[in-house]
Amino acid sequence: MKNTPPETTPFFARDRDMHPPAYTPWYKTTVLRSPQRALISFEGTISEITGPVFGHSIINEFDNDLLANYAKPGEGPIGERILVHGRALDERGIGIGGALVEFWQANAGGRYRHKKETYLAPLDPNFGGFGRTITDENGFYWFKTVRPGAYPWPNGVNDWRPAHIHFSVFGHGFAQRLITQMYFEGDPMIWKCPIVKTIPDEEAIKRLIAPLDMNATIPHDMRAYKFDIVLRGRRSTLFENRMEGN
Amino acid sequence: MVQPLGYLKETASQTAGPYVHIGCTPNFTGIHGVYETDLGSGSMINDQTRGERITIRGHVYDGAGTALKDALIEIWQADAEGLYNSPSEIRGKADPNFFGWARCPGDMATGEFVFETIKPGRVPFRDGRLMAPHVNFWIVARGINIGLNTRMYFSDEEAANGEDPILSRIEHRVRVPTLIGKREGDTVTFDIHLQGDNETIFFDV
Ligand SMILES: [Fe+3]
């Protein structure tokens, strides 16, 4: 991480208008799992603005290579080989170094490696479907994988998830914690998906769609998609006030 | 026209889905050999950790009173002296034997989550008043569109709870008990209700 002083200011208020609301009945599972009462808001205290540091030592050599981290020696998963790369930034545009980025996905046929998964597409014996990395000092990250397949899911009678990769991101404060999903440029399934449609803001959806990035492809090996992740920004130290007792 | 402010927008949240455990706790799902252990799993304490040992247990219930079997719960707390193990903690150096963060998937059969930890010390509110001891929770699962933030306070801290700046500003006093973990011996039980009469207070922080 860069040798800058740690930041101790609260995060900007979350723009809840572009995040999905809790209750979105077309995504049926939300009906019984959505809090009905208003959230109680307060500016972050030290409990929210602090967070743990995950050192690079937790990361193994192949954790960001899904082509290799589960494959038998000399073998590899079936599917289109891709590189996913991007940057973790905050709302001020500042790169977030040392962010823990975890990702998981279905295999090329749209099947997850999970006991409860019942889709008839086959498991790939050489694909685990998950990995992790820590961003460099400027917030950059990358990993290699196969492009996941679309899959049907029990919601409506014919609902399909577009091809997607799940992301869990841990920035510098516990209140920056975010889980999201990355979609792929050009996929017509994106705009049919009930889970995508939980997001009320079209521009916010577009920011989840990773463009094909031909400049980052590895020639004769894999194409690349670029996915930047923006976490909440922090207030300026200059104008930090001390709230009076209430 | 005015100058653009130039801020980026936070990436929108999407549900963690039913398979969050593949990515965050693969060993728990039976996928071994990639990560040695699941990040944030196991006891949060060792022999040298300072503080009073406690076990936090609970369930996450949906609006029908059914315990979620697929939730993932993360907690973040101060050490016994009330210091966070974080670079943004500038009041002092936290206990090096206490990381302060952990992650627990609900049990596949019962949905129960368990954290072996210590009771945190008090930390200051923004105006310097002390907050009562509390543990910060973050809950994700299939059907939860954006991670839910809440706090667990302690039933054996009545005086501190009574002067806590967050608890005391809650208008509907009848809801305050949803934030209080019930302590019996070394066990603190904290059930989270996503809906219903006992809907837990969730925070926008
Ligand atoms: Fe998925």
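Biologist: In this predicted model, is Y151(A) buried or exposed?

Modeller: The general idea is to compare a residue's relative accessible area with a cut-off, and buried means under 20%. Y151(A) has a relative accessible area of 8%, so Y151(A) is buried. By the cut-off of under 20%, H166(A) is also buried, because its relative accessible area is 3%.

Biologist: Which residues coordinate the iron ion, and through which atoms?

Modeller: For a metal site, one reads off the donor atoms together with their distances. Here the iron ion is coordinated by the OH atoms of Y112(A) and Y151(A) and by the NE2 atoms of H164(A) and H166(A), at 1.9 to 2.2 Å. Along the sequence, these donor residues follow the spacing Y-x38-Y-x12-H-x1-H. Within this group, Y151(A) in strand β6 (residues 151–153) of chain A and H166(A) in strand β8 (residues 164–170) of chain A are a pair that links distant parts of the chain, 15 residues apart.

Biologist: What do the angles among the 4 donor atoms say about the site of the iron ion?

Modeller: Four donors count as tetrahedral if all angles lie between 85 and 135 degrees. The angles here run from 88 to 160 degrees, and the site of the iron ion is irregular.

Biologist: In what order do the 5 strands of the open sheet in chain A lie?

Modeller: In chain A the order is β4-β3-β8-β9-β10, with mixed pairing. The edge strands, β4 (130–134) and β10 (209–210) of chain A, each pair on one side only. Strand β3 (residues 100–104) of chain A runs antiparallel to β8(A), to which 5 bridges join it; on the level of residues, E102(A) has S168(A) in β8(A) as its bridge partner.

Biologist: How many cavities of 30 Å³ or more are there, and what volume does the largest cavity have?

Modeller: Rolling a probe the size of a water molecule over the atoms shows where empty space is left. In this model the count comes to 3 cavities of 30 Å³ or more, and the largest cavity has a volume of about 60 Å³.

Biologist: Which elements give two or more residues to the lining of the largest cavity?

Modeller: They are α2 (46–49) of chain A together with β6 (134–140) and β7 (148–154) of chain B, and β7(B) provides the largest share, with 3 residues. Among the lining residues are S47(A), E48(A) and F174(A), as well as N136(B), F137(B) and R151(B). By residue class, the lining divides into 4 nonpolar, 4 polar and 2 charged residues.

Methods: Residues are numbered from 1 along each chain as its sequence is written. Chains are lettered from A and ligands numbered from 1 in the order in which they are written. This is a predicted model: local features need pLDDT of at least 70, side-chain atom pairs count only at pLDDT 80 or more; totals for chains, interfaces and linings use all residues. Side-chain values use heavy atoms; hydrogens and water are left out. Donors are N, O and S atoms within 2.8 Å of the metal (3.2 Å for Na, K and Ca); water is not among the atoms, so sites may look incomplete. Four donors count as tetrahedral if all angles lie between 85 and 135 degrees; four count as square planar and six as octahedral if opposite donors are over 155 degrees apart and all others between 65 and 115; anything else is irregular. Helices (H or I, at least four residues) and strands (E, at least two) are DSSP runs, numbered from the N terminus. Buried means under 20% relative accessible area, exposed over 50%, partly exposed in between (1.4 Å probe, protein chains only). Two strands pair if DSSP finds at least two bridges between them. On a 1 Å grid over the protein atoms alone, a cavity is a set of points where a 1.4 Å probe fits but cannot get out, and a pocket is an open set with protein on both sides within 12 Å along at least five of seven lines; lining residues have an atom within 4 Å of a point. Grid points are joined across faces, edges and corners, and a volume is the space filled by probe spheres set on the points. Ala, Val, Leu, Ile, Met, Phe, Trp, Tyr, Cys and Pro count as nonpolar, Asp, Glu, Lys and Arg as charged, and the others, Gly among them, as polar.
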